[in-house]
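I opened my notebook to get to know a new structure, one look-up at a time.

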Amino acid sequence: MTDLIAHTDGACSGNPGPGGWGVLLEAKRDGQVLKTRELKGGEAETTNNRMELLAAIMALETLERPSTITIVTDSAYVKNGVTSWIHGWKRNGWKTAGKKPVKNVDLWSRLDEAQARHEVHWKWIKGHAGHDENERADALAREGMAPFK
């Protein structure tokens with residue numbers, strides 16, 4: 001059985017400001033990396049949270065067929081949002097518990113749609129804590145941001 005893992009990260013210079021997202025996709029079998037693919041991109045005027053969301057979205061939208069995938073993120077915002085908060089937001093017409101519009105609703109709804117095609121497992125890790133794959137995703141996010149700085 002092959003495991004598919006996406007390490008995702010977002011970066012922003014200023015918040016808002018120029019930003020980038022990065023994804024390191026890995027196919028593994030028995031703990032051995034069989035194949036990797038790197039994705040990156042950016043925007044001229046954005047926020048860190050938007051870039052974190054876009055990294056997860058791009059990881060899922062890149063998959064050509066329904067897959068089982070683990071998305072590893074250092075963003076508690078993304079992980080908590082997609083595994084917990086989103087259910088209430090959708091039930092409340094994309095409003096928070098305080099009846100305010102959900103920030104980044106365009107990306108949250110896109111992420112919700114993208115993950116519906118797959119079996120997604122979400123894993124949070126501490127950022128900048130020596131995880132090689134997370135560091136690579138961070139570097140890709142910074143590369144994605146570079147043309148907009």
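Before starting, I wrote down one cut-off: a residue is buried when its relative accessible area is under 20%, exposed when over 50%, and partly exposed in between. I also noted that this is a predicted model.

**Entry 1**

Tryptophan 85 came out as partly exposed, with a relative accessible area of 37%. Both sit in helix H2 (residues 76-91), and because they are four residues apart, about one helical turn separates them.

**Entry 1: the aromatic pairs**

How many aromatic pairs does the structure hold? I found three. In one of them, the rings of tryptophan 85 and tryptophan 89 have centres 6.0 Å apart and planes at 50°, so I logged the pair as tilted.

Tryptophan 89 also pairs with tryptophan 108, and this pair is edge-to-face, with 5.1 Å from centre to centre and 65° between the planes. I liked this one, as it links distant parts of the chain: tryptophan 89 is in helix H2 and tryptophan 108 is in helix H3 (residues 105-116), 19 residues apart. Tyr77, Trp85, Trp89 and Trp108 form one aromatic cluster.

Is tryptophan 108 buried or exposed? At 0% relative accessibility, tryptophan 108 counts as buried. Leaving aside residues up to four places away in sequence, I listed its contacts, among them Leu53, Tyr77, Val82, Ile86 and Trp94.

The largest nonpolar core has 28 residues, and those touching the most other members are Val23, Ile69, Trp108, Leu111 and Trp122. Strand S2 (17-29), helix H1 (48-62), strand S4 (68-73), H2, H3 and strand S5 (119-124) each give two or more residues to this core. H1 supplies the largest share, eight residues.

In what order do the five strands of the open sheet come? I read S3-S2-S1-S4-S5, with mixed pairing. Strand S3 (32-46) and S5 stand at the edges with a single partner strand each, so one side of each has no neighbour in the sheet. On average, neighbouring strands are turned by 20° against each other, direction ignored.

Strand S1 (residues 3-12) and S4 run parallel, joined by five bridges. Leucine 4 stands opposite isoleucine 69 in S4.

Last, I checked two helices against the sheet. H1 lies across S1, S2, S3, S4 and S5, at about 155° to S1. Helix H4 (residues 132-145) touches S1, S2 and S3, and its direction makes about 140° with that of S2.

How values were computed:
Residues numbered from 1 in each chain as written. Predicted model: local features only at pLDDT ≥ 70, side-chain atom pairs only at ≥ 80, totals over all residues. Heavy atoms only, no water. Phe/Tyr/Trp six-rings, centres within 6.5 Å; stacked < 30°, edge-to-face > 60°. Buried < 20%, exposed > 50% of the residue type's maximum accessible area, 1.4 Å probe, protein only. Core = buried A, V, L, I, M, F, W, Y, C linked by side-chain atoms within 4.5 Å. Contact = heavy atoms within 4.5 Å. Pairing = 2+ DSSP bridges. Axes fitted to C-alpha atoms, helices over the stretch in contact; angles between N-to-C directions.
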